[in-house]
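Please read the following walk through the model with the structure open beside the text.

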Amino acid sequence: MSATPALPALPVLQADCANCFALCCVALPFAKSNDFAVNKAAGTPCKNLQEDFRCGIHTRLRDKGFQGCTVFDCFGAGQQVSQTTFGGRDWRTHPGTAAAMYEVFPVMRQLHELLFYITEALTLPAAAPLHADLRRAQADTARWTAAEADALTGLDVGALRGSVNTLLLRASELARAKAPARKKNHRGADLMGARLAGADLRGANLRGAYLIAADLGGADLRLADLIGADFRDADLRGADLRGALFLTQPQLNAARGDAATKIPPTLVRPAHWTA
């Protein structure tokens, strides 16, 4: 009987900007809007990027009109591409790496995001029947993060996301079944500006919901599935997000909250929230 392959070492799933070549500031495009003060094409360094790959206005991003930068998270993909895929060769001193590096970065970010969600799903006791399948998906995804650049650019990441998402949805259903409230289905719903203050959303499906500027003050979001929910400028003051499923730091950073907002212990209360 052949031995079961060991789980590949999982990459760090938290951004380490000191070991990244500012890939989010170069590889990705952005358009002038409420989130960004200027237009920038993909592959063009942001005007605020310094020679040492640091942001010149990092502590003043919101004041300078770059709120979009404060709600972006690569889940550790930046340092993985910089230090592992390209072995520490940066795009300034090795310009021949630039095009491939910029192409690989968005793929790697998706892989790291998937690993973030899979890792959380594995912490859910209710999803125990799926843990073996989740570990296999985790191992397969982790192997891709260590692949060569050419392999990564050829990866059908959409297909991988689809197969992993099937598992994550099943894990979510098992976990949300434990919620005592009636399970509301708002998957992909347009809830922009919705008045949901004090709403009982325990166990709700809010995957991909547009909650931009929604009033969720005092709402109960425990065990709600929040994958891909857009919380830009949403009011979370006094809301209860403890135990919310697949909540990320960028989602919190995009919202408004206060000292009364209850968040999972694995996340950090954003500095711009009110006292």
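The buried residues of helix α2 pack against α3 (98-121), α4 and α5 (149-153). Helices here are DSSP runs of H or I with at least four residues, numbered from the N terminus. Helix α2 spans residues 77-85, and seven of its nine residues are buried, where buried means under 20% relative accessible area with a 1.4 Å probe, protein chains only. The buried ones are A77, G78, Q79, Q80, V81, S82 and T85. Just after α2, G87 has a positive phi of about 55°.

This is a predicted model: local features need pLDDT of at least 70, side-chain atom pairs count only at pLDDT 80 or more, and totals for chains, interfaces and linings use all residues. Residues are numbered from 1 along each chain as its sequence is written, and side-chain values use heavy atoms, with hydrogens and water left out.

V81 also belongs to the largest nonpolar core, which has 45 residues. Such a core is a set of buried Ala, Val, Leu, Ile, Met, Phe, Trp, Tyr and Cys residues joined through side-chain atoms within 4.5 Å. The members that touch the most others are L23, V81, W91, M101, L111, L134 and L168. Helices α2, α3, α4, α5 and α6 each supply at least two residues of this core, and α3 gives the most, with 12 residues. M101 is in contact (heavy atoms within 4.5 Å) with F21, L23, V81, F86, R89 and W91, leaving aside neighbours within four places in sequence. Apart from this core lies another, of 29 residues, among them A189, A204, F231 and L267.

Next comes a helix pair. The axes of α4 (residues 131-145) and α6 (residues 157-176) come within 10 Å and cross at roughly 155°; axes are lines fitted to C-alpha atoms over the stretch in contact, and angles run from 0 to 180 degrees between N-to-C directions. The two helices are therefore roughly antiparallel, a term used for angles over 145 degrees. On the α4 side, D133, L134, A137, T141 and W144 meet L160, V164, L167 and L168 of α6. Seven residues of this contact are nonpolar, one is polar and one is charged; Ala, Val, Leu, Ile, Met, Phe, Trp, Tyr, Cys and Pro count as nonpolar, Asp, Glu, Lys and Arg as charged, and the others, Gly among them, as polar.

Finally, A244 sits in the loop between α6 and α7 (249-254). A244 counts as buried because its relative accessibility is 6%. Leaving aside neighbours within four places in sequence, A244 is in contact with E120, L221, L223, A224 and L226.

Methods: Parallel < 35°, antiparallel > 145°, perpendicular 65-115°, else oblique. Buried < 20%, exposed > 50% of the residue type's maximum accessible area, 1.4 Å probe, protein only.
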